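Good morning, and thank you for coming. I would ask you to look at the model on the screen while I go through its pockets and one of its helices.

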Amino acid sequence: SFIAIATLGITLVIITGGIDLSVGSTIALSATVTSLTMNGLNSAGFYPFAGSALVISLAAGLLAAAAVGLFNGLAIAKLNLSPFVTTLGTLSMVRGLVYVATQGRGTFPAGPDKEMFLAVTAGRLFDLVPVSFLYLLICAVVMWVALNHTAWGKHVFAIGSNENAGRLTGVNVDRVKIQVYVLCSLAAGINGIIISGWLGSAPANLATAYELTIIAAAVIGGANLAGGVGGAAGAIIGCILIEVIRNGLVLARVDPYWQQTLVGAIIVAAVLVDRLRSARNG
């Protein structure tokens with residue numbers, strides 16, 4: 001669940017033919033803003049009602065994440081900037097903001113709602129099922145319904161398959177692009193809050209290089225970097241495969257430096273297989 005929800009979000013972007021390299025930094029930003037807000041409310045003694053600090057802090061973290069997605073979407077859709085270059089710049093800017101806000105130090109949730117925060121992010125339902133897994137299932141079902149049973153989903157696939165054709169048939173390409181980038185960042189924000197709850201803190205370097213794993217999971221799950229192909233089930237399967245491979249390398253006592261090399265090789269292999277399959281179908 002720590003990368004799967006963000007993978008669902010980036011799959012939407014990849015389906016439209018875009019890319020978002022800022023998801024790792026957005027994860028850190030959301031976690032940091034949520035934690036700082038809780039600390040700020042605790043210092044100010046602002047608790048208008050039970051659970052208010054939790055609600056306000058979660059809203060602040062998600063709004064910060066959504067703002068990153070809105071910036072990316074507007075720059076790419078309205079200014080016609082390259083998704084790769086734009087989100088690469090956002091990756092650096094957002095990570096820098098996190099370091100500025102924390103001075104490079106980790107932050108910790110505090111206040112009377114701290115235990116509630118830990119319960120809704122790292123707790124277990126009936127002491128069995130992690131709540132983070134339930135969030136993943138909910139997000140996956142919502143994404144599956146949206147992509148397969150709504151006009152909006154058809155527009156997302158249309159943009160990735162042929163943007164010009166989609167525009168000519170009446171699809172509001174700019175609006176849909178902005179929406180998928182906002183949703184991608186929101187998914188990353190949810191992941192950031194969940195991870196910070198599991199850790200009990202929000203390190204300034206949280207989720208560094210996570211974007212590589214998240215993009216790899218989406219590609220291995222069947223998303224085509226050229227656009228037009230992808231789905232919720234594939235994204236989750238890709239995450240499972242990535243983590244099984246990573247866990248297997250750990251159990252096999254493979255050097256950690258080689259692990260990163262092998263994961264990169266798997267990404268290249270997945271892209272090659274996808275290209276060969278597309279060529280054969282074509």
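The second largest pocket is lined by Leu58, Leu62, Val120, Thr121, Tyr135, Ile190, Ile193 and Ile194. Two or more of the lining residues come from each of α3 (52-77), α5 (114-122) and α9, and α9 gives the most, with 3 residues. This is a predicted model, where local features need pLDDT of at least 70, side-chain atom pairs count only at pLDDT 80 or more, and totals for chains, interfaces and linings use all residues. Residues are numbered from 1 along each chain as its sequence is written, and side-chain values use heavy atoms, with hydrogens and water left out.

A pocket here is an open set of points on a 1 Å grid over the protein atoms alone, where a 1.4 Å probe fits, with protein on both sides within 12 Å along at least five of seven lines; lining residues have an atom within 4 Å of a point. The volume of the second largest pocket is about 160 Å³. Its lining has 7 nonpolar, 1 polar and no charged residues.

The largest pocket holds about 270 Å³ of space. Of its 14 lining residues, Leu12, Cys139, Met143, Leu183 and Ala187 lie nearest the centre. Here α1 (4-15), α6 and α9 (173-199) each give two or more residues. By class, this lining has 13 nonpolar, 1 polar and no charged residues.

Finally, helix α6: which of its residues are buried, that is, under 20% relative accessible area with a 1.4 Å probe, protein chains only? They are Val131, Ser132, Leu136, Ala140, Met143, Ala146 and Leu147.

Conventions. Buried < 20%, exposed > 50% of the residue type's maximum accessible area, 1.4 Å probe, protein only. Helix = DSSP H or I, 4+ residues; strand = E, 2+ residues; numbered from the N terminus. Points joined across faces, edges and corners; volume = space filled by probe spheres on them. Nonpolar A, V, L, I, M, F, W, Y, C, P; charged D, E, K, R; others polar.
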